[in-house]
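The following exercises concern a predicted model. Please work through each task before reading its solution.

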Amino acid sequence: MPGGVEIRTAAEISAIREAALVVHDVLREVIAAVAPGVTTLELDAIAERGTERRGAAPAFKGYHGYPRVICISVNDEIVHGIPGGRRLEEGDVVGLDFGVLLNGFYGDSAYTVPVGRPSPEAARLLAATREALARGVAAARPGARLGDIGAAVQEHVEGQGFSVVRDFVGHGIGRSLHEPPQIPNFGAAGTGMRLRPGMVLAIEPMVNAGGPEVRILDDGWTAVTADGSLSAHFEHTVAILPEGPRVLSLPDPS
């Protein structure tokens, strides 16, 4: 257990993948329902029904008192937005962060999607954040360093003229939703813990169109950009295998 980080067996990784694929499937149902006029609470209900139907338990509901099944963050909301009566509008961007517990293991993933047609800035932000996640995942190779992940994310994001949120980071995942190590989306390549086969990580860039500063709303959960700029969030559960990283929260190509 290097640095307190669990090294998972093949069977454990398979179990985490089963949970992560439930997350993927439920998120597909939620994303399909995103449309003008839909409330975020209605999306939460879709996530709850989809989770129950697949025999899993929601990972977030009740976690440190969080009241809903899914985190839904709209426009300048970065993460941990609480579903409620807000109705989505054409042009909004909607962050959907979701996890489940299945057979003793957790899966976690996030997407940010537009409502209808996004503005050019929003489209560019979403594309940059999605690509930053892909580059972070690609850096999670055996023998690499933890800092290589954050450096890959930061380099791409800042190269696109956006900023990386510092206040929230990725994490290990397995029998607990949040395990060591913390995975910043910034940093220096070649620094930090050496990555080993069997580690399972939730890599999750959060990217702002403006500055990186964050403030928390009065609900005690919702994090928003301090300058009111748009934000995007993408996340995958990733296993480090001897041959390289494998995204557990995506089905295999058909």
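**Exercise 1.** Determine how α1 and α2 are oriented to each other.

*Solution.* Step 1. Two packed helices are described by the angle between their axes and the distance between the axes. Step 2. The axes of α1 and helix α2 (residues 40-53) cross at roughly 150 degrees and come within 9 Å. Step 3. An angle over 145 degrees counts as roughly antiparallel; α1 and α2 are therefore roughly antiparallel to each other. Step 4. The crossing of α1 and α2 is right-handed.

**Exercise 2.** Which residues of α1 and α2 meet?

*Solution.* Step 1. From α1, the residues are V26, E29, V30 and A33. Step 2. Their partners in α2 are L43, I46, A47, G50, T51 and R53. Step 3.

**Exercise 3.** Identify the partner of R8 in a salt bridge with E179 as an example, and locate both residues in the chain.

*Solution.* Step 1. Between R8 and E179, the closest N and O atoms are 3.0 Å apart, and the cut-off for a salt bridge is 4 Å. Step 2. R8 lies in the segment before α1 (10-33), whereas E179 belongs to strand β8 (residues 179-183). Step 3. The two are 171 residues apart, and the pair thus links distant parts of the chain. Step 4. R8 and E179 are both buried. Step 5. A network of salt bridges links R8, E12, R175 and E179.

**Exercise 4.** Are E131 and R135 buried, partly exposed or exposed?

*Solution.* Step 1. E131 and R135 form a salt bridge, with 2.8 Å between the closest N and O atoms. Step 2. Both residues lie in helix α3 (residues 120-138), four residues apart, which is about one turn of the helix. Step 3. Buried means under 20% relative accessible area and exposed over 50%. R135 has 39% and counts as partly exposed; E131, with 31%, is partly exposed.

**Exercise 5.** Classify E77 and R86 by their accessibility, and describe the surroundings of N75.

*Solution.* Step 1. The side chains of E77 and R86 meet in a salt bridge of 3.4 Å, N to O. Step 2. E77 has a relative accessible area of 14% and is buried, while R86, at 36%, is partly exposed. Step 3. N75 is found in the loop between β2 (71-74) and β3 (77-79). Step 4. Its relative accessible area is 16%, so N75 is buried. Step 5. Residues that N75 touches include R86, D92 and V93.

Terms used. Residues are numbered from 1 along each chain as its sequence is written. This is a predicted model: local features need pLDDT of at least 70, side-chain atom pairs count only at pLDDT 80 or more; totals for chains, interfaces and linings use all residues. Side-chain values use heavy atoms; hydrogens and water are left out. Buried means under 20% relative accessible area, exposed over 50%, partly exposed in between (1.4 Å probe, protein chains only). Contact means heavy atoms within 4.5 Å. Axes are lines fitted to C-alpha atoms, for helices over the stretch in contact, and angles run from 0 to 180 degrees between N-to-C directions. Angles under 35 degrees count as roughly parallel, over 145 as roughly antiparallel, 65 to 115 as roughly perpendicular and the rest as oblique. A crossing is left-handed if the near helix is turned anticlockwise from the far one by less than a right angle, and right-handed if clockwise.
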